[in-house]
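Here are my notes on the model you sent over. I've kept them to a few points.

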Amino acid sequence: MHKINALSDEYIYLETLSSGLKVAIHPTPNFKKTIVTLQVAFGGIDVQYKIGEKDKVIPSGFAHFLEHMLFSNDGRNIAEEFSKYGANINAYTSKSITNYRFDCIDNFDYLLDYLLRSFISSNSGEQSIVKEKKIIEHELNMSMDSLHHKIYQKLKRMMYSDEAITEDVGGTIKDIKSIDKSMLDEVFNTFYHPKNMSLIISGNVDPLEIISFLKAHPYNMHHWSEFKKITRVKNNLPRKIHSHKKVIDNNNANMISIGIKIPSELFDIYSKDYLHISIGSILSNIFGLASKNFDILKKQNLMNVSFSTNSNIERDYGYINIYMQTDKQEKYYNTILKMIKDINALPLDDVLFEIDKKMILGNFITVFDSLPRIHDFISSCIIENIDIENYLKKVMELKLEDLEPIKKIFVKENIFVVRYLKGLK
Amino acid sequence: MKEPIKRTINGIDVYYIKSKKFKTITCSMVFTHEQGIDLINEYYFLSNALVDNMKKYPSNVLKYRYQSSLYGLDAFGSATSIGNNIVNHFVITYPNELYLEQEPDLSKKAFIFLNEIITNPSLRKGKFTKKVLNDNVKEAKELHELLKSVKDMYAYYNFTKLFYKDKLDLQFNFPENDRLSDVTLDTFTNAYNDMFNKDSVSIFVTGDIDENKFDEIIKETLSPRIVNHQVKSIDRNFSYNKDAKPKIKKEYDNVSQSRIFIGYTTNIKYFTRDHAALSIMNNIFGGFDQSKLFIEIREKHNLSYYVDSNYQPEENLVTVSLSTSKANEDIVIQKVTEILDEIKAGEFSDDLFKQAKENCMNSLESLVDSQSRYLLQHIKSYHLTGEKYDLQHRISLYRSITQEDVVKAANSLVLDTVYLYTKRGDLDA
């Protein structure tokens, strides 16, 4: 077992079991709760892939549907069982992962055992399949009511031609209806292999005891078939569409959403942590609360509480999203676009760059005060192969000139804009 | 976490809640006003205006760079109600200097910053400027516009307006959008001055701290303008009428799924044993994924993606929230009524009762995993009861609750409001 020091008195224990399951344990002896996450490198983007030479295509929304189905896998009722033992269990599917998480105060051993036993094989009941299809239809209909969801989807469709990226994680109702039991079992066997999964535990636990428990567990001892490398097939051909789009709809809000596409070649050159750190640093320097641009936008009355910036860095693609709801569309649009294009043309604010490092250090310390937040951080690091031990060191050692190659993404060909304007259809 | 240590410094009660497990320190200055709902917008604006309008740091660049230099010190203000008093909290959180090299004075700098926020805003001739007031009004309006674009939140907002329609003296929406233009420079500035001339003040500090060191910091740096006054606690007295006719309203928008909110009033008071019984009842009703609402409406009949119930003890309110297709609206509302009637008749399993009780107790036990949640309970408890929040006593109350107590609590619920946010269609033609 590898022990790493994440912060002065915080340790994380890493181990890979004989089955291939990666395990990270973060003992937090003073916290009441324990949180456990089982995550699978299977998400909304995995709809077309190769296993060896074999091409596979599955319906959109498959990972999300399977996540729903596994709550009743093999006639079990996971939610009911966990409730019986005073625990909460939930799950979510993103573009890159499926994540099952429970938290408890007592009965940890029993619950961990039950969780792992539920993921050894797949056996979906026909009745459950029918039921979950109905529930997911409600879920998808609800997301159609969200203007934010609509504008976000439109922006993604402008940036990418690959439907695996542009489609909602939940898929389409038509695709969901086409899923059957045999597909579920086959896809489970492909992706839910321990070598494609990881287990993260944070709480009042003893790492040595857990590792010996896991080593002897039927999940680890199970005779798993050989894991075959899964390669996602990318269909991202260049798009011949507008990079700026105005939609006049019967909205009750004016919204503007800007996407800055991170060129795919950067994913081959840089590690995920480097992309997170460098893009985060640039965004903070240009649009953070302490940036000069934030003050300029505020003084010109172009800033309001809806303004947000975030970077979405998925398994093999990513983009930055800058969003605001504003009635001053034209002026804001021109101003913010100039600011974005200036990122590549002008030097970054070196004073802010150094001050930000203190803030990042403070925020890193603060994360350890919240069990869910530190657990999330460790989970992301494990699935993205991020070196937790040196994460902070990398931030502190980052130099302004290191950001120069990343600044180059802020150029016209990577910038896409969708504007939703109030009005009647 | 340890029991609070109470000190009195310059006439102000200071509470230290020590815990070795947290790596940050949170310091909260709490101003309780005697003046009530009439000045709700003024107090709401104060919570933002003081934090965003510091004389010493007149721009975002200056202010946030200083906060970043204090290792990302987070500062915010909020306005809430405790009982029928409005309370302004000004809170700072920053990493404990124990985890930082060469920063022995971070707590002192942080406390001085908190003092600056409260006592040294940018004023002109003793008053807030028109710009500050206008910016706050503008921001409140923008927030309201934002709310409209998120249909679930907007529907819930409309539900609360309907719920409080006949309880106007108890409605605490921060801000009160219909009265934004009533705020003047004088009422706004007077509300600010009242913080120093009329309000009661207390200070709460949590984290791995040395209380003696903090005593010294407070004595040395607390502004002499911050003075504690006696303020009468005002209880919230909800009218409660078992025979009241429910308010029912439908509003229309272009939505694929109808959002439905059903509000029930109760006469059960906060921090009582019955409060514990109603919390457990709420869990049985719709508080988790094995609750009666979830199992019956989502799992058995697949009528909804989400359905839950939520108990707000300070509002004497239990709310059921759900989404469904337009065609199923009446069926779902009927099912909610039937399920509540079943609980009122004691028709719930021993297992469900046991699970619901355990959920509530676990939720209480895990309060100590969050500095902010634990702190807030203490602030409320000192205000409402004059006593510290006794977590073990609360847990023992929950442990003592029987199924008969739950049935009694369920029977206190009276249907008050049914609100539907739906689309126009054939069924309404």
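How many helices and strands does chain A have?

1. Chain A has 18 helices and 15 strands, taken as DSSP runs numbered from the N terminus (helices: H or I, at least four residues; strands: E, at least two). Bear in mind that this is a predicted model, where local features need pLDDT of at least 70, side-chain atom pairs count only at pLDDT 80 or more, and totals for chains, interfaces and linings use all residues. Residues are numbered from 1 along each chain as its sequence is written, while chains are lettered from A and ligands numbered from 1 in the order in which they are written.

2. On burial, 41% of the 425 residues of chain A count as buried (20 or more other C-beta atoms within 10 Å of the residue's own, with C-beta atoms placed from the backbone). The C-alpha trace of chain A spans about 60 × 55 × 45 Å along its principal axes.

3. Now for a helix pair. Helix 1 (residues 62–69) and helix 4 (residues 126–144) of chain A pack at about 125 degrees, their axes 10 Å apart (axes are lines fitted to C-alpha atoms over the stretch in contact; angles run from 0 to 180 degrees between N-to-C directions). F65(A), H68(A) and M69(A) of helix 1 meet S128(A), I129(A), E132(A) and I136(A) of helix 4 (contact: C-beta atoms, placed from the backbone, within 7 Å).

4. Across the chains, the contact involves 48 residues from chain A and 45 residues from chain B. Helix 4 of chain B gives the most to chain B's side, with seven residues.

Notes:
A residue is buried if 20 or more other C-beta atoms lie within 10 Å of its own, exposed if 12 or fewer, and partly exposed in between; C-beta atoms are placed from the backbone. Two residues are in contact if their C-beta atoms, placed from the backbone, lie within 7 Å.
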